[in-house]
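Thank you for making the time this morning. I would like to walk through a few places in one structure, going slowly enough that each can be checked on the screen.

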Amino acid sequence: MPPDVGMRVTVVAETFLPAVNGVVNSVLRVVDHLAVRGHDPVVVAPSGSSYESRCGARVEVVTVPAMRLPRYRQLPLARPAGDLTAVLRLLRPDVVHLASPAVLGLAAARAARALGAPSVAVFQTDLAAYAQRYRLPGGPAAAWRYLRTVHGTADLTLAPSSAAATQLTRQGIGPVALWPRGVDLDQFSPGHRDPALRAALAPRGGLVVGVVARLAVEKRLELLAPLSVLPGVQLVVVGDGPQRRALERAMPRARFLGQLGGAELGAVVASLDLFVHPGADETFCQAVQEALAAGVPAVVAASGGPLDLVRHRENGWLWAGDDPHVLAAMVAGLREDPTALAAAAARARPSVDGRTWGRVGDELIEHLQRLRSPVPA
């Protein structure tokens, strides 16, 4: 087929609506952009129903049998050992897009290969790091063996950051291409900064420091505890998850706002003075990119995906190590240096203003088209 003919793209997602997380958000953006560009996307997932995308296209969602983890009852996941050959044969995809593939992704990759359809696997979740933090059987070594099987079954792996691409290559996974995430520059903008909202979040004034994240073990949000008691600093936590009650007990002075979205999330992020994310296992960290787009400089752990986003002492600061008191000291120093904070804030949005969803969506379509119509040898 010539490259300008619309593709039938089956997007396979390990989690989907009504769940709220980075994978779901990326899938929604990908599907919408495919529809905008005249392609025909269908979602295969363990939850959700057919819906109207942001551009007004009707998107079919095919659900498969799901299960729920004991600690994550709100997150439906695909059951192991499923066979998607019949599903894909019915959908007749030109290309199969595997979003953060694991259980469902492996089944889809195998089915695609059996049917002769090319597939691309998007690496988005560091399962090896999860295996270590949650002490899963076999640990990181077993997780990497499984990931090599999953990604080895696909024709191409897309990595969201330079660190992730290097990690995958070292683990023997390839071919690998870089494909970052986009950001909504309308939703996240310095223009949404709201003095009244700031006053409500921090009635006593001071530096408003925030984080947006799933409240789960892998995000290491407990490391914000020393920061939360700094004089003249108000910590704001946006998100929900299994660790919320424990974090509320550990940080009683912090403001926990729960899960937010849309304009409300954009206003809260833009109203921060500083964004802080202590996670060390982020393959990209979309929340950091959104903060930068809103003109908010970020302090992040010096590892993983944020290394592609935050330039030390330019649009933010890198925190090396795991000592939460060092992190708190960095924030205290910035509280006393408004000039440095303002300079970083001025450089925040320009550092990501070329990373629109439209641009990265077109990059994805180029990858998919190359897989569908490979150049003859």
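Which residues of helix α5 are buried? Before I answer, please keep in mind that this is a predicted model. The buried residues of α5 are G139, A143, W144, L147, V150, H151 and T153, and they pack against α3, spanning 103-115, the strand β8 at 119-122, α4 at 127-133, β9 at 156-159 and α6 at 162-170. The helix itself covers residues 139-153, which makes 15 residues, and it reaches 22 Å from its first C-alpha to its last, close to the 21 Å expected at 1.5 Å a residue.

Leaving aside residues up to four places away in sequence, L147 touches F123, L127, G152 and I173. By contrast, V236, which is 89 residues from L147 in sequence, lies 35 Å from it in space, C-alpha to C-alpha.

Next, a pair of helices. Helix α1, residues 22-36, and helix α14, residues 357-372, pack at an angle of about 75 degrees, with their axes 10 Å apart, and α1 and α14 are therefore roughly perpendicular to each other. On the α1 side the contact is made by N25, S26, R29, V30, H33 and L34, while α14 contributes W357, G358, G361, D362, L364, I365 and L368. Sorted by class, this contact of α1 with α14 has six nonpolar, five polar and two charged residues.

That brings me to M7, which sits in the segment before β1 (8-13). M7 is buried, with a relative accessible area of 1%, and its contacts beyond four places in sequence are H39, D40, D94, V95, I365, L368, Q369 and R372. The C-alpha atoms of M7 and P41 are 34 residues apart along the chain, yet separated by 8.0 Å.

Finally, where is D273, and is it buried or exposed? D273 is found in the loop between α10 (262-270) and β14 (274-277), and at 14% relative accessibility it counts as buried. The side chain of D273 makes a polar contact with the side chain of R198, at 3.0 Å. Again setting aside residues up to four places away in sequence, D273 touches R193, R198, G206, L207, V208, V296, P297 and L341.

I am happy to return to any of these on the screen.

Methods:
Residues are numbered from 1 along each chain as its sequence is written. This is a predicted model: local features need pLDDT of at least 70, side-chain atom pairs count only at pLDDT 80 or more; totals for chains, interfaces and linings use all residues. Side-chain values use heavy atoms; hydrogens and water are left out. Helices (H or I, at least four residues) and strands (E, at least two) are DSSP runs, numbered from the N terminus. Buried means under 20% relative accessible area, exposed over 50%, partly exposed in between (1.4 Å probe, protein chains only). A polar contact is a pair of N or O atoms within 3.5 Å; within protein, one must be able to donate a hydrogen and the other to accept it, and residues adjacent in sequence count only if both atoms are side-chain atoms. Contact means heavy atoms within 4.5 Å. Axes are lines fitted to C-alpha atoms, for helices over the stretch in contact, and angles run from 0 to 180 degrees between N-to-C directions. Angles under 35 degrees count as roughly parallel, over 145 as roughly antiparallel, 65 to 115 as roughly perpendicular and the rest as oblique. Ala, Val, Leu, Ile, Met, Phe, Trp, Tyr, Cys and Pro count as nonpolar, Asp, Glu, Lys and Arg as charged, and the others, Gly among them, as polar. The expected span of a helix is 1.5 Å times one less than its number of residues.
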